[in-house]
Amino acid sequence: MENGKTLIVIPAFNEQDNILGVIGDIRTHLPDADILVVNDCSVDATAKRARQAAGVQVVDLPCNLGIGGAVQTGFKYARDRGYDYMVQIDGDGQHLPREVSKLAAAMAATGSDMVIGSRFLDVRSFRTSWQRRIGINIFRHLFRLLLGLTITDGTSGFRLYNRRSIEVLARFYPSDYPEPDAIVLLYKHGLAITEVGVAMRARESGHSSITALRSPYYMAKVTLSIILSCSRTRW
C-alpha cells in the first residue's frame, strides 16, 4: 500500500451518530488514503454529516441496496478510478483504522489478493454476540471442508483488497450477507486469501441489522449460500 493509490470505502446506513467519528479516525491513521462514503439510502443525516468532512466523496444510492450493493458500489468506484487497493471499513465504528497496517503487512508478506481482519486470531478484543460466534464457527468448518481454507472470521467486513480482487468483485458481488460468499468467489477465481488478527470494538451507536432473533435465519441462509456457491461453476 505504500506505493499504491488506496481508497477507503465506508458503507453506511443510518450512521449519523458514527460517521464523522469513523472518518476522523481514518484521517488520523491513514492520512494519504482517499475516502468514499456509500450512503445506502439512509433516512437520517448520514450523508449530510459525511459531506461536512473535507475531501470525502459521498455516493447516495437511490434506494436501499443492503451491504452487498453498497460495497459493490465501492468496488466499481475503485476499479473505474484506478485504485490499487481498497479497504472496507464499516460505518458503525467497529473497525479500527489503526489496524489497517496489519492488513497491509499481511498482504505484503503473503502476496494475497484479499486480507481479512479476524477477531479470532491472536488478539483479544470485542468478539460479537455468542449467537453470531456459533455461526462464524459453523462457517469456519464449511470453508475447511469445502475449500480447504482456514477462515476464522468469515463474516468480518474489515478487509483489504488489491487490484485483482477489486476487478473481480466489481463485476460479481453477492447482494445479501456477502462476506462469506465473496470468499468462495475469490477462491474460485484463483485468488489468494489470508487472515490476520485485529482488534475491533463494539459499535459506538445504533443497532446491528442482525438481531438475536434474526441470527438463526442468517446462519441458515448463509450456510445454504456457501454450499450452493461451492457447487456451482465459476461466476
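# A tour of salt bridges, cores and a surface patch

The count of salt bridges here comes to eight, taking a salt bridge as a side-chain nitrogen of Lys or Arg within 4 Å of a carboxyl oxygen of Asp or Glu. The model is predicted. Side chains of opposite charge can pair when their charged atoms come close.

**Stop 1: Arg79 and Asp80.** Select these two residues and show their side chains. They meet in a salt bridge, 2.9 Å from N to O. Arg79 is partly exposed, at 27% relative accessibility. Asp80 has a relative accessible area of 52%, over the 50% cut-off, so Asp80 counts as exposed.

**Stop 2: Glu99 and Lys102.** Move to Lys102, which forms a salt bridge with Glu99; the closest N and O atoms are 3.0 Å apart. Lys102 is partly exposed, at 32% relative accessibility.

**Stop 3: Asp113 and Arg164.** Select Asp113 together with Arg164. Their side chains form a salt bridge with an N to O distance of 3.1 Å. This pair links distant parts of the chain, 51 residues apart: Asp113 sits in the loop between helix H4 (100-110) and E5, and Arg164 in helix H6. Asp113 is buried, with a relative accessible area of 3%, whereas Arg164 is partly exposed at 48%.

**Stop 4: the largest nonpolar core.** In soluble globular proteins, nonpolar side chains tend to be buried together. Which residues touch the most other members of the largest nonpolar core? Phe75 and Ile183 do, out of 39 residues in that core. Elements giving two or more residues to this core include strand E1 (6-12), strand E2 (34-39), helix H3 (66-80), strand E5 (114-118), helix H7 (178-188) and helix H8 (215-231). Helices H5 and H6 (163-171) are also among them.

Now centre on Phe75. Beyond its neighbours within four places in sequence, Phe75 is in contact with Met86, Tyr161, Ile166, Leu169, Ala170 and Tyr173.

Another core lies apart from the largest one. This other core has 30 residues; select Ile35, Met107, Val196 and Val198, which are among them.

**Stop 5: a nonpolar patch on the surface.** Finish with a surface view of Trp130, Ile134 and Ile138. Together these residues form a nonpolar patch with about 300 Å² of accessible area. Ile134 belongs to helix H5 (residues 130-147).

Terms used: Residues numbered from 1 in each chain as written. Predicted model: local features only at pLDDT ≥ 70, side-chain atom pairs only at ≥ 80, totals over all residues. Heavy atoms only, no water. Patch = residues over 30% accessible without salt bridge, like charges linked within 9 Å, V, L, I, M, F, W, Y side chains within 5 Å. Areas by Shrake-Rupley, 256 points an atom, 1.4 Å probe, with all protein chains shown as cover. Helix = DSSP H or I, 4+ residues; strand = E, 2+ residues; numbered from the N terminus. Core = buried A, V, L, I, M, F, W, Y, C linked by side-chain atoms within 4.5 Å. Buried < 20%, exposed > 50% of the residue type's maximum accessible area, 1.4 Å probe, protein only. Contact = heavy atoms within 4.5 Å.
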